[in-house]
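Me: I have a chain open here and would like to go through its fold. Could we take it step by step?

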Amino acid sequence: MDEEAWRKCSTCKNPIAHSIVFYECSVSTCNRKRLPLFFCSVECWDAHVPMMRHRDAWAIEKTSPSKSDVARETEAADAAAKKKEAPRRIVTEAATNGDVPQDVLIIASKLKSYIKARSGMNTSDGVMRALSDHVRQICNEAIRNAARDDRKTVLDRDVAKVARSGPPGG
Ligand SMILES: [Zn+2]
Ligand SMILES: [Zn+2]
């Protein structure tokens, strides 16, 4: 095919140039996206009518796109394809609160000795569970911060951000 051509005539196979008058068929089955028909002249359109057994059809005069039109369309299609390749990660409540372990995350002996050293007080075992819930909330928020930055790794700064603003719901 001639490099200057836009399409080929579906009947005579002659090239149809850019920015030139060509003809389409009025029948929708002749304009399917996968295999649309293009005609360089009304004569060529006429020739396909008996072949396709059209009853009520006419030729539609159109103008082929210019070279820059085609380039722009290709660019837009490329950009759309690229967007599809890298979907944004969106972390939902279900993803963060769904089927995840709800274990105690605090090392009881370490925490108890910290509180003892700091204050001389004892620590109830329930504190471990309450603190674990607290840590999970902070983690959920940190996960959202990482997702917002399009990262797959939660960093210490994601946690620091939560600590500064305070975990959601107090
Ligand atoms: Zn033709
Ligand atoms: Zn047709």
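Me: How many helices and strands does the protein chain have?

Reply: The protein chain has six helices and four strands. Helices (H or I, at least four residues) and strands (E, at least two) are DSSP runs, numbered from the N terminus. This is a predicted model, in which local features need pLDDT of at least 70, side-chain atom pairs count only at pLDDT 80 or more, and totals for chains, interfaces and linings use all residues. Residues are numbered from 1 along each chain as its sequence is written, while chains are lettered from A and ligands numbered from 1 in the order in which they are written.

Me: In what order do the elements run from the N terminus?

Reply: The order is β-β-β-α-β-α-α-α-α-α.

Me: What percentage of the residues is buried?

Reply: Of the 170 residues in the protein chain, 11% are buried. A residue is buried if 20 or more other C-beta atoms lie within 10 Å of its own, exposed if 12 or fewer, and partly exposed in between, with C-beta atoms placed from the backbone.

Me: Which residues have the most contacts inside the largest nonpolar core?

Reply: They are Cys9, Ile16, Phe22, Phe38, Phe39 and Cys40, in a core of 13 residues. Strand 3 (21-25) and helix 1 (42-52) are the elements that give two or more residues to this core. The largest share, three residues, comes from strand 3. A nonpolar core is a set of buried Ala, Val, Leu, Ile, Met, Phe, Trp, Tyr and Cys residues joined through C-beta atoms within 7 Å.

Me: And what is Ile16 in contact with?

Reply: Leaving aside neighbours within four places in sequence, Ile16 contacts Ala5, Trp6, Arg7, Lys8, Cys9, Phe22, Phe38, Cys40 and Ser64. Two residues are in contact if their C-beta atoms, placed from the backbone, lie within 7 Å.

Me: How do strand 1 and strand 2 run?

Reply: They run antiparallel and are joined by three bridges; two strands pair if DSSP finds at least two bridges between them. Lys8 stands opposite Pro15 in strand 2. The two strands form a hairpin with six residues between them.

Me: Where is Arg53 found?

Reply: Arg53 is in the loop between helix 1 and strand 4 (59-63). Its phi is also positive, near 55°. Arg53 counts as exposed, because it has 7 C-beta neighbours inside 10 Å.

Me: Changing topic, how many residues of helix 4 are buried?

Reply: The number buried is zero of 12 residues, so helix 4 lies largely in the open.

Me: What span should helix 4 (residues 108-119) have?

Reply: It should span 16 Å, and its end C-alpha atoms are 16 Å apart, which agrees. The expected span of a helix is 1.5 Å times one less than its number of residues. Just after helix 4, Gly120 takes a positive phi of about 75°.
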